[in-house]
Amino acid sequence: MKKALIFLLAAWCFSTSAWAQKTKANKLVIVSFDGYRWKDVFRGADSGLFNNKQYNTQKQPVRAEKYWAATSKERREKLMPFFWGYFAKNGQIYGNRDLGNFVNVKNPYWFSYPGYNEIFTGYPDTLVNSNDFPPNPNVNVLEYINKQPGYQGKVAVFTSWDAYYRILNKERSGLLINSGYSDLDIPSLTPAQQALNKAQHDLPKIFGDSERYDAITYGLATDYLKQNHPNVLYLAFIETDSFGHQGKYDYYLDAAHGNDEMLRKLWDYLQSDPYYKDQTTLMIVGDHGRGDDDLWRSHGRKVPHSDEIWFAVMGPQTKPLGEISAPGQLWQNQYAQTIASFLGLKFPSPHIIGEPIKQVLGGKR
Ligand SMILES: [Zn+2]
């Protein structure tokens, strides 16, 4: 009698927890850092670039206070305190080549449009060979998710660079995309979104006409998240790449530091909202790397090392293994199927695409 009761109780507990998991749809937030080198992520400020007057206009003691320390471990924690203080303890971080852990792009071009095409389609298409490439013929995983039951109208994209209308083929995909200097155009704008829509045109366009400040993109996106509760959000930063091309290493570091703080605020919000708390994966990706020494400003197939990238994940399905120190190799063409897998989906493609990254999936639940 007693044994039967325990058995019944155990069966009941099991069935209710399985039911609870089924009704909790998985959510995903993807953030990209454009052209941010793995060296700066894992080693912190680079002494050669940090001490080169050509690449810095801020006063040395000010910069040193912010980002300098004797060891690379201290430097990286100063540069990205959320990433190394919290994310590294609760997620998985790949791409520290000093430890033999490699992440690379598969496409042969090593710049943005081919990189984002590879990230979201899983197919390093050699025909996609220019940042001016027309609307992408390849179907992307976000567009696929947006057509699945339960996800319709629940995928949103906010980016600082305006090329995403073409990269994610807005016309065909029908995704909600807000990019570059476009105003967010939805029926219920918050006061902050109204102010940011206006402010983006009033600020100096220091990156040209197609790239806006990440703070504008972040502000528009987070209010959208709070009000509309998308199940998948893609947030794309640009400033690391923009300041890199300008040769401003101090501002490049400021951009990384600022983006890290945005990640912290974003994660704090996700954990404060019952819609997202403990059900949301945060995935951080990059489109390409950059060169070394004086080539750090640039990237592309003529710039060695600019195919080297890094990758990080934290969430309910991912074991908290921290910085991965085992030798290994991951590829950018694996992200698309990994994105689908977090939601329990399989992304169909007419091409051969990368396998999902098993190490980050199915860990905790
Ligand atoms: Zn670039």
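This is a predicted model: local features need pLDDT of at least 70, side-chain atom pairs count only at pLDDT 80 or more; totals for chains, interfaces and linings use all residues.

**Exercise 1. Find the residue of β5 that stands opposite T159, then describe how the two strands pair.**

Step 1: A156 faces L176 of β5.

Step 2: Now take the strands as a whole. β4 covers residues 155–159, and its pairing with β5 is parallel, over 4 bridges.

Step 3: Check the two faces of β5. L176 and N178 lie on one side, I177 and S179 on the other, and all of them are buried.

**Exercise 2. Describe the surroundings of strand β8, residues 311–314.**

Step 1: Start with one neighbour. β2 (residues 91–94) and β8 pair in the antiparallel sense over 4 bridges; within this pairing, Q92 has V313 as its bridge partner.

Step 2: Turn to β7. This strand is also antiparallel to β8, with 3 bridges, and L282 has M314 as its bridge partner.

Step 3: Look at the faces. F311 and V313 are on one side of β8 and A312 and M314 on the other; all are buried, so both faces count as covered.

**Exercise 3. At what angle do helices α5 and α6 cross, and which residues meet there?**

Step 1: Compare the axes. Those of α5 (residues 72–79) and α6 (residues 81–90) come within 4 Å and cross at roughly 100°.

Step 2: Name the arrangement. An angle from 65 to 115 degrees counts as roughly perpendicular, so α5 is roughly perpendicular to α6.

Step 3: List the contact. R76, E77 and K78 of α5 meet P81, W84 and G85 of α6. Sorted by class, this contact has 2 nonpolar, 1 polar and 3 charged residues.

**Exercise 4. Is K277 buried, exposed or partly exposed?**

Step 1: Locate K277 in the loop between α14 and β7.

Step 2: Count its neighbours. There are 13 other C-beta atoms within 10 Å. Buried needs 20 or more and exposed needs 12 or fewer, so K277 is partly exposed.

Step 3: See what lies around. Leaving out residues up to four places away in sequence, K277 touches L270 and Q271. The C-alpha atoms of K277 and G315 are separated by 9.8 Å, although these residues are 38 apart along the chain.

**Exercise 5. How many residues of helix α13 are buried, and what covers them?**

Step 1: Count along α13 (residues 239–246): 6 of its 8 residues are buried.

Step 2: Name them: E239, T240, D241, S242, F243 and G244.

Step 3: Find the cover. It includes β1, α12 (214–228) and α14.

Step 4: G247 follows α13 and has a positive phi, near 75°.

Technical notes
Residues are numbered from 1 along each chain as its sequence is written. Two strands pair if DSSP finds at least two bridges between them. Axes are lines fitted to C-alpha atoms, for helices over the stretch in contact, and angles run from 0 to 180 degrees between N-to-C directions. Angles under 35 degrees count as roughly parallel, over 145 as roughly antiparallel, 65 to 115 as roughly perpendicular and the rest as oblique. Two residues are in contact if their C-beta atoms, placed from the backbone, lie within 7 Å. Ala, Val, Leu, Ile, Met, Phe, Trp, Tyr, Cys and Pro count as nonpolar, Asp, Glu, Lys and Arg as charged, and the others, Gly among them, as polar.
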